[in-house]
Amino acid sequence: MNGLTFIIGGARSGKSRYAEELVAALPAPWTYIATAQAYDDEMRARIGEHRSRRGAGWHTVDAPLDLTGALAAQPQGQPVLVDCLTLWLTNHMLAEHDLDAECRRLAEVFASPRGPWFVVSNEVGQGIVPDNALARRFRDEAGRLNQKIAAIADTVLMMVAGLPLKVK
Amino acid sequence: MNGLTFIIGGARSGKSRYAEELVAALPAPWTYIATAQAYDDEMRARIGEHRSRRGAGWHTVDAPLDLTGALAAQPQGQPVLVDCLTLWLTNHMLAEHDLDAECRRLAEVFASPRGPWFVVSNEVGQGIVPDNALARRFRDEAGRLNQKIAAIADTVLMMVAGLPLKVK
Amino acid sequence: MNGLTFIIGGARSGKSRYAEELVAALPAPWTYIATAQAYDDEMRARIGEHRSRRGAGWHTVDAPLDLTGALAAQPQGQPVLVDCLTLWLTNHMLAEHDLDAECRRLAEVFASPRGPWFVVSNEVGQGIVPDNALARRFRDEAGRLNQKIAAIADTVLMMVAGLPLKVK
């Protein structure tokens, strides 16, 4: 596998765990690019849980905003896990950056993966229309970004209750 | 293809775009039946975006409420895209019409498509239970309508990040 | 079929109806284990609707909390439908029980089904992140439980507009 695998799923659908298994089936070393920012205790606990689940062999890079730069700096042929796109998008929205430009730059780097890259993202559009405009905007931007990356990816998997369903 | 294709997906899952591609692969002219009503600027922007994406060859019919009538008036053998069922349902709910009767009449006209008809609808039931009773009722009604139309359709596709997953 | 079938889907996706059809295709008698508690009129109406849809041949057991005990008491070889896991989880959350312990005990009894058992559960994680912490916690717990049971099950189906999509 030497291309882009896109793994989409709802909250607690087992996306991260499954992506880690796919990466760990390849020869180490593995790079984990984390986009999470620990705003509060709930998020800190979640980050800690993910980090403790991963064992030796993983090299962690924090890239809450400059994911494009972090990816461009990856060595050729090395497995990379990006976890996750929706948090990266949240960080740029909160920072009031130009999302169109950021997403375009990200899609460009994903279009030429330098190894087996695995990208995790959230499905957030299958509930009722949210009350507040910011949530609606986030839902729209996340959906657009997911479509863009899925279109580029070699393989697209949707997680359902911890199990992968092949979409592409 | 001379029957009913039902395309369901979350917000920004690429439903409309994919349905337009399926229709545009058939010989023109194509009819686009729009159920959207421009209540506010956000909706007006969304309608405008969809409209500008469609090019020549499309004939647009607005049917925010009388979708059944609009479909019954379609010529035999001509491709039709209905976008979308959930907005049509919203319009009838806001008008406090008899939803059971409306959905029954709609299902009857869909049961005998006069050509290759493509119907787009939203999945809204995969989030947390909504706080307010109106949203819960909408979710129930939309789910029931989606089941009814999917049962009639020859082909049912679920959109995931812009990609179709064959359900039927 | 002599194992565990897990049926997951959104609200009004046809989960219960489809599970009932799978059970009713097997020789009677059939046991229906209901986890619903009638807190309000809306819930009472929903329970009544489900109950009236099921006909003769069904034996109903109410197990809003002690689902593990109700399952352990089932005779060997007899079809059982559990409807649904997410309501059972809600009941334990509201009672402030130890969810980890409860889910572990439940998973143990599901790991050795005494006949063809069918378990219905809700997908609640594919919408926008909920505003309130309790809803977020419920979403996390439900997702974790769904993963646990899907991992054990022989067959996993996801319902889309009343139609089953095979996941496992």
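Reply: Contact here means heavy atoms within 4.5 Å. Please note that this is a predicted model.

Me: Which elements do the buried residues of α5(B) pack against?
Reply: Within chain B, they pack against β1 (4-9), α3 (67-72), β4 (80-83), α4 (85-94), β5 (117-122) and α6 (133-152).

Me: And which residues of α5(B) are buried?
Reply: They are B:L99, B:E102, B:C103, B:L106, B:A107, B:V109 and B:F110. These residues lie on the same side of α5(B) because they cover an arc of only 165° around the axis. On the other side of α5(B), B:D100 and B:E108 are exposed.

Me: How many residues does that helix have?
Reply: Helix α5 of chain B, residues 99-111, has 13 residues. From first C-alpha to last it reaches 18 Å, close to the 18 Å expected at 1.5 Å a residue.

Me: Turning to chain C, at what angle do the axes of α4 and α5 cross?
Reply: The axes of α4(C), residues 85-94, and α5(C), residues 99-111, cross at roughly 150° and come within 10 Å. The crossing is right-handed.

Me: Which residues meet there?
Reply: From α4(C), C:L85, C:W88, C:L89, C:H92 and C:M93 meet C:L99, C:E102, C:C103, C:L106 and C:F110 of α5(C). By class, this contact has eight nonpolar residues, one polar and one charged.

Me: What does B:D140 touch?
Reply: Not counting residues up to four places away in sequence, B:D140 touches C:R12 and C:R46.

Key:
Residues are numbered from 1 along each chain as its sequence is written. Chains are lettered from A and ligands numbered from 1 in the order in which they are written. This is a predicted model: local features need pLDDT of at least 70, side-chain atom pairs count only at pLDDT 80 or more; totals for chains, interfaces and linings use all residues. Side-chain values use heavy atoms; hydrogens and water are left out. Axes are lines fitted to C-alpha atoms, for helices over the stretch in contact, and angles run from 0 to 180 degrees between N-to-C directions. Helices (H or I, at least four residues) and strands (E, at least two) are DSSP runs, numbered from the N terminus. A crossing is left-handed if the near helix is turned anticlockwise from the far one by less than a right angle, and right-handed if clockwise. Ala, Val, Leu, Ile, Met, Phe, Trp, Tyr, Cys and Pro count as nonpolar, Asp, Glu, Lys and Arg as charged, and the others, Gly among them, as polar. The expected span of a helix is 1.5 Å times one less than its number of residues. Buried means under 20% relative accessible area, exposed over 50%, partly exposed in between (1.4 Å probe, protein chains only). The arc is that of the directions from the helix axis to the C-beta atoms.
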